[in-house]
Amino acid sequence: MVAVFKRELRSYFSSPIGYVCVAALAALYGFFYFVVMVQGSSSFIPNIVYSTMFNFSMLVIPIITMRSMTDDQKNKTDQILLTAPVGVTSIVAGKFLACFVVFFIASTIGLFPGVAMSFFSSPGWGEIIGNYLGTLLYGGAMISIGVFISSLTISQIIAAIGTFAVSVFLMYIDALASSINNAVVATVVSWISFSNRYTTFTQGLFSVSSTVFFLSVMAIFVFLTARRVESRRWS
């Protein structure tokens, strides 16, 4: 897994993808922190910076994951990986972790302006760290879904569009469910809702159940991706 992880992470930064994704998110974080400074109060950080950056972060994830599994299928190098002395789950986990690290780097750089502001103001670090952790967990779950979608096609564009569609659906599923007066639908949506669990973190609270939920989603989709890849071994 470590070898696959290093190979994939290196590939992100040997091409413009990794740099562009990290630079784009870092620049946007910097811009919105500047907007907060113009407003003159660090209390605006959660609403102006993180509520806006959450949407941009979710839009970047399809770009990060679109090539994770498609490149090997397109270049026929997946057969080399499948015959290597490493488990399929380890291969998929290595690719997932490489995608996540790119996202992690970009999100962590977004904390730097807040650290700089702390020298002359008192930002609410409880809410900032909560938003940061929530974004990483939500993003990790979306990355695992994106890697799975990438394993279903050899087209990076289709993989990106599919992941983007799922991301938008999950962000607005609560609004859709609220327009349907059905208790069963409301219960199901409440249980699978990413947004409800993410909101807990944005309030500066740490939720064990939400953390377990997001980690479970990551594990499930890594497992499903591994089964999908393994099925090609026998095809």
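User: How far is the sulfur of cysteine 99 from the closest cysteine sulfur?

Analyst: Keep in mind that this is a predicted model. The closest cysteine sulfur to that of cysteine 99 belongs to cysteine 21. A disulfide needs the two sulfur atoms within 2.5 Å, and this pair is too far for a bond, because the gap is 9.9 Å.

User: How many disulfides does a search of the whole structure find?

Analyst: Start with cysteine 21, where the closest cysteine sulfur is the one in cysteine 99, too far for a bond at 9.9 Å. The search covers the whole structure, and its count of disulfides is zero.

User: Is cysteine 99 buried or exposed?

Analyst: The cut-off for buried is under 20% relative accessible area. Cysteine 99 comes out at 0%, so cysteine 99 counts as buried.

User: Which element gives the most residues to the largest nonpolar core?

Analyst: That core has 54 residues, and Val49, Tyr138, Phe194 and Phe214 have the most contacts inside it. Elements giving two or more residues to this core include helix H1 (2-13), helix H2 (16-39) and helix H6 (88-109). With eleven residues, the one that gives the most is H8.

User: Is phenylalanine 96 buried or exposed?

Analyst: Phenylalanine 96 sits in helix H6. Leaving aside neighbours within four places in sequence, phenylalanine 96 is in contact with Gly140, Ile143, Ser144, Val147, Met218 and Val222. Its relative accessibility is 7%, so phenylalanine 96 counts as buried.

User: What separates the C-alpha atoms of phenylalanine 96 and isoleucine 143?

Analyst: Along the chain, these two residues are 47 residues apart.

User: Which helices each supply at least two residues of the nonpolar patch on the surface?

Analyst: The patch is formed by Ile129, Leu133, Phe206, Val208 and Val212, with about 440 Å² of accessible area together. One of these, isoleucine 129, is found in helix H8, and isoleucine 129 is partly exposed, with a relative accessible area of 34%. The helices that each supply at least two patch residues are H8 (125-150) and H12 (208-233).

Note on methods: Residues are numbered from 1 along each chain as its sequence is written. This is a predicted model: local features need pLDDT of at least 70, side-chain atom pairs count only at pLDDT 80 or more; totals for chains, interfaces and linings use all residues. Side-chain values use heavy atoms; hydrogens and water are left out. Buried means under 20% relative accessible area, exposed over 50%, partly exposed in between (1.4 Å probe, protein chains only). Patches are made of residues with over 30% relative accessible area and no salt bridge: like charges are joined within 9 Å, nonpolar side chains (Val, Leu, Ile, Met, Phe, Trp, Tyr) within 5 Å. Accessible areas come from the Shrake-Rupley method with a 1.4 Å probe; for residues, only the protein chains shown count as cover. A salt bridge is a side-chain nitrogen of Lys or Arg within 4 Å of a carboxyl oxygen of Asp or Glu. Helices (H or I, at least four residues) and strands (E, at least two) are DSSP runs, numbered from the N terminus. A nonpolar core is a set of buried Ala, Val, Leu, Ile, Met, Phe, Trp, Tyr and Cys residues joined through side-chain atoms within 4.5 Å. Contact means heavy atoms within 4.5 Å.
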